[in-house]
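I am opening this notebook to keep track of what I look up in the structure shown below. The entries go from the helices to the core and then to the strands.

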Amino acid sequence: MAWKELRFPLGDLDSEQLEAALEELGALAITLEDAADDALLEPAPGEQPLWPHSRVRALFDAEQDLNAITAVLRARLGAAAPAESDIAPVADEQWETAWRRDFKPMQFG
């Protein structure tokens with residue numbers, strides 16, 4: 001199965017509102033990630049901080065029209081909607097084992 005990924009900066013958007021809108025529009029997975037290599041140090045209990053510069057990655061089925069989804073998202077979010085977005089294909093992989101390529105042994109002690 002083929003996939004497409006919609007990527008854009010989070011900016012001043014409310015992450016929970018955005019996630020709900022993306023899920024409603026058919027996103028299969030939503031990832032918030034650091035866009036500027038900012039450190040997140042130990043948060044206080046109950047806190048769920050985001051990086052100062054966060055990026056959103058939403059995964060959709062390849063059959064979906066992401067340009068139309070982006071237009072609907074902009075209409076819903078109004079002025080807070082991201083001005084720029086990027087659409088990229090995502091090749092199908094054995095996701096259960098793909099994580100292993102980035103896993104390197106570490107020596108302790």
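Helices (H or I, at least four residues) and strands (E, at least two) are DSSP runs, numbered from the N terminus.

I note that this is a predicted model, in which local features need pLDDT of at least 70 and side-chain atom pairs count only at pLDDT 80 or more, while totals for chains, interfaces and linings use all residues. Residues are numbered from 1 along each chain as its sequence is written, and side-chain values use heavy atoms, with hydrogens and water left out.

**Entry: helix α1**

I looked up which residues of α1 are buried, and found S15, L18, A21 and L22. Seen down the axis of α1, these buried residues fall within an arc of 130 degrees (the arc of the directions from the helix axis to the C-beta atoms), so they line one face of the helix. The face turned away from that buried side carries the exposed residues E16, E23 and E24. Taking contact as heavy atoms within 4.5 Å, I see the buried residues of α1 packing against β1, β2 (29-34), β3 and α2. Just after α1, G26 takes a positive phi of about 105 degrees.

**Entry: helix α2**

I then turned to α2, which has 12 residues and reaches 16 Å from its first C-alpha to its last, close to the 16 Å expected at 1.5 Å a residue; the expected span is 1.5 Å times one less than the number of residues. Its buried residues are L66, I69, T70, L73 and L77, and, seen down the axis of α2, they fall within an arc of 100 degrees, so they line one face of the helix. These buried residues pack against β1, α1, β3 and β4 (86-90), whereas N67 and A75 are exposed on the other side of α2.

For N67 I recorded a relative accessible area of 55%. D65 caps the N-terminal end of α2, with a side-chain oxygen 3.1 Å from the backbone nitrogen of N67. Just after α2, G78 takes a positive phi of about 65 degrees.

**Entry: the core**

Which residues touch the most other members of the largest nonpolar core? I defined such a core as a set of buried Ala, Val, Leu, Ile, Met, Phe, Trp, Tyr and Cys residues joined through side-chain atoms within 4.5 Å. Of its 18 residues, F8, L18, L22, V56, F60 and L73 touch the most other members. Two or more residues come from each of β1 (3-9), α1 (15-24), β3 (54-61) and α2 (66-77), and the largest share, four residues, comes from α2. Leaving aside its neighbours within four places in sequence, L18 is in contact with F8, L10, L13, V56, L73 and L77.

**Entry: strands and a loop**

Two strands pair if DSSP finds at least two bridges between them. I find β1 and β3 paired in the antiparallel sense over seven bridges, with R57 in β3 as the bridge partner of R7. Five bridges join β1 to β4, which also run antiparallel, and in β4 the bridge partner of K4 is P89.

Last, I looked at S85, found in the loop between α2 and β4. S85 is partly exposed, with a relative accessible area of 33%. Leaving aside its neighbours within four places in sequence, S85 is in contact with L6, R7, F8, T70 and R74.

Notes: Buried < 20%, exposed > 50% of the residue type's maximum accessible area, 1.4 Å probe, protein only. Polar contact = N/O pair within 3.5 Å; in protein donor to acceptor, adjacent residues only side chain to side chain.
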